[in-house]
Amino acid sequence: MALEHALLVSLSERAGSGYELARRFDRSIGFFWSATHQQIYRVLGRMAEQGWISGEAVAQSGRPDKKVYTVAPAGRAELARWIAEPSEDLGPLRSELGVKIRGAAHGDRAALRAEVARHRESHAQRLEVYRLIEKRDFPDPANLSGTALHQYLVLRGGVRVEAGFVEWCDEVLAALPPRGER
């Protein structure tokens, strides 16, 4: 997937300026596909050149005009083409932490436990954010349809991934006692 496709999805849901898109990435799509604000602006320029999006200058009181982007017919066609094509198989899990755990017998067990605990905390915090978003934005998931359903399904994937990672860290911490060999 290219950043272009993530931006097409976001703009298909709601038109926006480069700044607004960057903020949306920080709060939603960015959980699953990361991009810097500079990357977003650069890619928006390329997408406009390709005719996938169009931008309209919108006057702002006391500030410079902003350019609000919408998806053009060519962009809708590209998004439909991309959605229909087979997804890239990301292959086996690549995890530096996993390799460190595999080599636990050859290193500082206490330092490794601290690293696993740090990862656990980070994923637990992200899980809590996802659950708060779920509670706030999707209080009645059985009645969702269209874009809201699609957003919810992706969020549920994130909840499951983060919950699984937290559980795995708990399992690792339980199996690697702080002292002694195992």
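Buried means under 20% relative accessible area, exposed means over 50%, and partly exposed is what lies in between. Keep that in mind for this predicted model, because aspartate 170, at 32% relative accessibility, then counts as partly exposed. The tour below takes in an open sheet of 3 strands, a nonpolar core of 20 residues, a second, separate core of 9 residues, and a helix pair whose axes cross at roughly 85 degrees.

**The sheet**

- Let's start with the strands: the open sheet runs in the order β1-β3-β2, and its pairing is antiparallel.
- β1 (16-17) and β2 are the edge strands, each pairing on one side only.
- Between β2 (residues 53-60) and β3 (residues 63-71) there are 7 bridges, in the antiparallel sense.
- Two of the residue pairs to look for here are serine 54 with its bridge partner threonine 70 in β3, and valine 58 with its bridge partner lysine 66 in β3.
- The hairpin of β2 and β3 has 2 residues between the strands, and glycine 62 in this hairpin takes a positive phi near 75 degrees.
- On the β1 side, 2 bridges join β1 to β3, and these strands also run antiparallel.
- Serine 17 has valine 68 of β3 as its bridge partner.

**The largest nonpolar core**

- Here's a bit of background: in soluble globular proteins, nonpolar side chains tend to be buried together.
- In this model, the largest nonpolar core has 20 residues, and Leu7, Phe25, Ile40 and Leu44 touch the most other members.
- Two or more residues each come from α1 (3-13), α2 (18-27), α3 (37-50), β3 and α4 (73-84).
- Helix α1 gives the largest share, with 5 residues.
- What does phenylalanine 25 touch, not counting residues up to four places away in sequence? The list is Leu3, Ala6, Leu7, Gly30, Phe31, Trp33, Ala35 and Ile40.

**Where α1 meets α3**

- Two packed helices are described by the angle between their axes and the distance between the axes.
- For α1 and α3, the axes come within 10 Å and cross at roughly 85 degrees.
- Angles of 65 to 115 degrees count as roughly perpendicular, so α1 is roughly perpendicular to α3.
- On the α1 side, the contact is made by Leu3, Glu4, Leu7, Leu8 and Leu11.
- On the α3 side, Gln39, Ile40, Val43, Leu44, Arg46 and Met47 take part.
- Sorted by kind, the residues of this contact are 8 nonpolar, 1 polar and 2 charged.

- Glutamate 4 sits in helix α1. Is glutamate 4 buried or exposed? Its relative accessible area is 12%, so glutamate 4 is buried.
- Leaving out residues up to four places away in sequence, glutamate 4 touches Val43, Arg46, Met47 and Trp52.
- Serine 10 also has its place in helix α1, and serine 10 counts as buried because its relative accessibility is 1%.
- With residues up to four places away in sequence not counted, serine 10 touches Leu21, Arg24 and Ile29.
- How far apart in space are serine 10 and phenylalanine 25, C-alpha to C-alpha? They are 8.5 Å apart, with 15 residues of separation in sequence.

- Valine 172 belongs to helix α7, and valine 172 counts as buried because its relative accessibility is 9%.
- Apart from its neighbours within four places in sequence, valine 172 is in contact with Ile101 and Val116.
- Valine 172 and phenylalanine 138 are 34 residues apart along the chain, and 33 Å separates their C-alpha atoms.
- Aspartate 170, the partly exposed residue from the opening, is found in helix α7 (residues 146-175).
- Aspartate 170 and arginine 120 are 50 residues apart in sequence, yet 7.6 Å apart in space, C-alpha to C-alpha.

Methods
Residues numbered from 1 in each chain as written. Predicted model: local features only at pLDDT ≥ 70, side-chain atom pairs only at ≥ 80, totals over all residues. Heavy atoms only, no water. Pairing = 2+ DSSP bridges. Helix = DSSP H or I, 4+ residues; strand = E, 2+ residues; numbered from the N terminus. Core = buried A, V, L, I, M, F, W, Y, C linked by side-chain atoms within 4.5 Å. Buried < 20%, exposed > 50% of the residue type's maximum accessible area, 1.4 Å probe, protein only. Contact = heavy atoms within 4.5 Å. Axes fitted to C-alpha atoms, helices over the stretch in contact; angles between N-to-C directions. Parallel < 35°, antiparallel > 145°, perpendicular 65-115°, else oblique. Nonpolar A, V, L, I, M, F, W, Y, C, P; charged D, E, K, R; others polar.
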